[in-house]
Amino acid sequence: MPASPRPGRPARLVMLLQDLAFGGTQRQALELAARLDRDRFAPEFWMLTGLRDFAPRAAAAGIALAWLAEAPTVGLASLGALRGKLKADPPDLLVPLTAVPNIWGRVFGRLAGLKAVIGTCRGGGAIKRQHERFLKGLAAHHIVNSEPLRRELVRLGRPEAAVTCIANGVDTAHFAPPPDDLRPVREVVLCLARFCQDKDHETLIQAFAHTVAKRPRAELWLVGDGPLRTRVRTLAARSPARGAIRTYPAAPDPRPFFQQASVVVLSSVREGTPNVLLEAMSMGIPVAATAVGGVPDLVVAGETGLLSPAGEAMALGENLARLLADEALRRRFGQAARARALEHFSMETMVRRHEAVFENVLAQAAGR
């Protein structure tokens, strides 16, 4: 059985991840772990696969790293290694992130006798993908990053006191507006998003064709990686606006892309609290996005950006054209977005709220 945290040493806190590939959840986990109070918490990352884009940054932040398998996808070897490691080297606190770690981390954690396990739900569809209807009781507490996710867990029977909503944080010093001489001079619409179904790049490409009809100088930059990369590139190549669409691989620091953007766009059909919108807001860039998940909690429609229904290409294309056509509107929205990021979504607030939940769960597991 895992021991309770001993006085005089920090609690071993393991964040179980599917991988350390470039992605919003991985970035938030890294930012959180790097800022935890090391007198109280000793963070570790355990990975189920060998993808390690963020590994150098994690190691530089002093986060202990353990690779349970080297394969690019989760298989029996990685799950067997996870079960064995939880039994042989149990942490004080286990925090799985994304669907597969949440499923198997909780199942094997319960089998290993862990009491301090925190389930997490991030992004649209997470509750269904993680089988929360059946597995919610295997976690001592849940952390979600948007109010719709919190309400859904409560609707499924999770006690309100056992679910905490903590919005993603953004490093407002790192993601700062560029100086005026670096502000964009081209009409670049930037989409930083994983190439997967939830992000609905197909609707975005259709929307942009409408935008280009009104703004012939507009460009669409698609930045990311993911399972639908080939399909997205094919759709871009077949679009009437194909000459104005560019694709780029994901990068560890997206600021050079943001600095060239007049507008940041997100066409998702499911979301939690998307990091890319927080980063764009922090850099003073107006947003055009779909009103799904936690997006309306971030973007104040008509004040920091424009929202449209998911799947409606014409509405999204109109919003993009409107923003590109009005520099004064973009500047006003951008300034308001920066102010909102500073007031409500600082990294410091996000970290302190996580630490409070971690302490409470550890205390309950120890019977205090």
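Predicted model: local features only at pLDDT ≥ 70, side-chain atom pairs only at ≥ 80, totals over all residues.
Colleague: Noted. What is the mean pLDDT of the protein?
Modeller: The mean is 94, and 98% of the residues reach 70 or more.

Colleague: And where does pLDDT stay under 50?
Modeller: That happens over residues 1-5. For this stretch the model has 13 contacts beyond four places in sequence.

Colleague: Okay, new topic, the fold. How many helices and strands are there?
Modeller: The protein has 15 helices and 13 strands. With a radius of gyration of 21 Å, close to the 21 Å from the globule rule for 368 residues, the protein is as compact as a globular protein of that length.

Colleague: What does the C-alpha trace span along its principal axes?
Modeller: About 65 × 40 × 40 Å.

Colleague: What share of the residues is buried?
Modeller: Buried residues are 54% of the 368. As for the accessible surface, the protein has about 15,500 Å² of it, and carbon and sulfur atoms hold 52% of that.

Colleague: Then the contacts: of those with a separation of 6 or more, what percentage comes from residues 24 or more positions apart?
Modeller: Such pairs account for 68% of them.

Colleague: Can we zoom in on Glu355? Which helix is it found in?
Modeller: Glu355 sits in helix α15, which covers residues 347-365.

Colleague: Is Glu355 buried or exposed, and why?
Modeller: Glu355 counts as buried because its relative accessibility is 2%, and the cut-off for buried is under 20%.

Colleague: Which residues does Glu355 touch, leaving out those up to four places away in sequence?
Modeller: Its partners are Arg35, Leu36, Asp37, Arg40 and Phe41.

Colleague: Where does His131 lie?
Modeller: In the loop between α5 (126-129) and α6 (132-135). At 41% relative accessibility, His131 counts as partly exposed.

Colleague: And what about Asp200, what is its phi?
Modeller: Asp200 is not a glycine either, and its phi is positive, near 50 degrees. Asp200 is placed in the loop between β8 (188-192) and α8 (201-214).

Colleague: Last one: is Asp200 buried or exposed?
Modeller: Asp200 counts as buried, since its relative accessibility is 15%.

Definitions and conventions: Residues numbered from 1 in each chain as written. Heavy atoms only, no water. Helix = DSSP H or I, 4+ residues; strand = E, 2+ residues; numbered from the N terminus. Rg over C-alpha atoms; globule rule 2.2 N^0.38 Å. Buried < 20%, exposed > 50% of the residue type's maximum accessible area, 1.4 Å probe, protein only. Contact = heavy atoms within 4.5 Å. Areas by Shrake-Rupley, 256 points an atom, 1.4 Å probe, with all protein chains shown as cover. pLDDT = per-residue confidence, 0-100.
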